[in-house]
Amino acid sequence: MAKVRSVDRVAAALDDLGLGARARELPESTRTAAEAAAAVGCEVGQIVKSLVFRLPETDEAVLVLASGSTRVDVGRLESVVGSPVEQGSGAFVRERTGFAIGGVAPVGLTAPVRTFVERGVLAWPRVWAAAGSPRTVFDATPDELLAATGASVVDVAEP
C-alpha cells in the first residue's frame with residue numbers, strides 16, 4: 001500500500017468536509033507564525049498555531065489551535081482539561097497526529113485528538129492554518145475551522 005503524503009491527507013480532509021479551501025504550497029517556510037504571515041501576506045494573528053500537548057497522567061494528546069499572536073497559558077489549559085499538561089515531543093506529535101511539528105494541520109489527523117480553539121482566533125475574518133507540511137497552508141473562516149474540527153472555544157491565552 002502506498003504511503004499517503006500528509007499534504008494529500010489534508011487536501012482530502014478539506015474536500016470531505018466541504019470546505020472550499022485548498023492546501024497552498026509556498027516557496028518559503030511557514031514553520032513559524034511570523035514566517036507564515038509573511039508568506040501569505042496577512043497579520044501574524046491570522047495564523048493558526050497548532051500546539052500539541054500531552055497529558056502525562058493518561059498519555060492523551062490535546063491540540064490547541066491558537067492565534068499566531070498569542071501565547072498559550074499552560075496553567076489555564078490545565079484548568080480547562082483538568083489535568084497537568086506538557087508540550088508534546090516531536091515523536092509524540094507525529095504518532096498522535098500523523099504530522100511533524102511545523103506542519104500540524106487541524107484536519108486530516110490520523111487519529112481523533114481532543115481539540116480546542118483559543119478565543120483569539122475568532123477575532124479574524126479569515127485565518128490560515130498548516131496543511132500538513134512546514135511549507136503548506138490553507139485558509140478558512142474561524143466558523144469553518146470550528147465546524148471542521150469540532151473544537152471547543154477556550155480562553156487559554158496568556159494575559
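Biologist: Which element supplies the largest share of the lining of the largest pocket?

Modeller: Strand β2, with 7 residues. This is a predicted model, in which local features need pLDDT of at least 70 and side-chain atom pairs pLDDT 80 or more, while totals for chains, interfaces and linings use all residues. Residues are numbered from 1 along each chain, and side-chain values use heavy atoms, without hydrogens and water. Helices (H or I, at least four residues) and strands (E, at least two) are DSSP runs, numbered from the N terminus.

Biologist: How much space lies in the largest pocket?

Modeller: Rolling a probe the size of a water molecule over the atoms shows where empty space is left. A pocket is an open set of points on a 1 Å grid where a 1.4 Å probe fits, with protein on both sides within 12 Å along at least five of seven lines; lining residues have an atom within 4 Å of a point. Here the space is about 540 Å³. Of its 28 lining residues, R31, K49, S50, L51 and I101 are the closest to the centre. Besides β2, α2 (33-40), β6 and β7 each supply at least two lining residues.

Biologist: Which residues have the most contacts inside the largest nonpolar core?

Modeller: In soluble globular proteins, nonpolar side chains tend to be buried together. A core joins buried (under 20% relative accessible area, 1.4 Å probe, protein chains only) Ala, Val, Leu, Ile, Met, Phe, Trp, Tyr and Cys through side-chain atoms within 4.5 Å. The largest has 28 residues, and V10, L14, V48, V52, V107, F138 and L145 have the most contacts inside it. A second, separate core of 12 residues includes V72 and F116.

How values were computed:
Buried < 20%, exposed > 50% of the residue type's maximum accessible area, 1.4 Å probe, protein only. Points joined across faces, edges and corners; volume = space filled by probe spheres on them.
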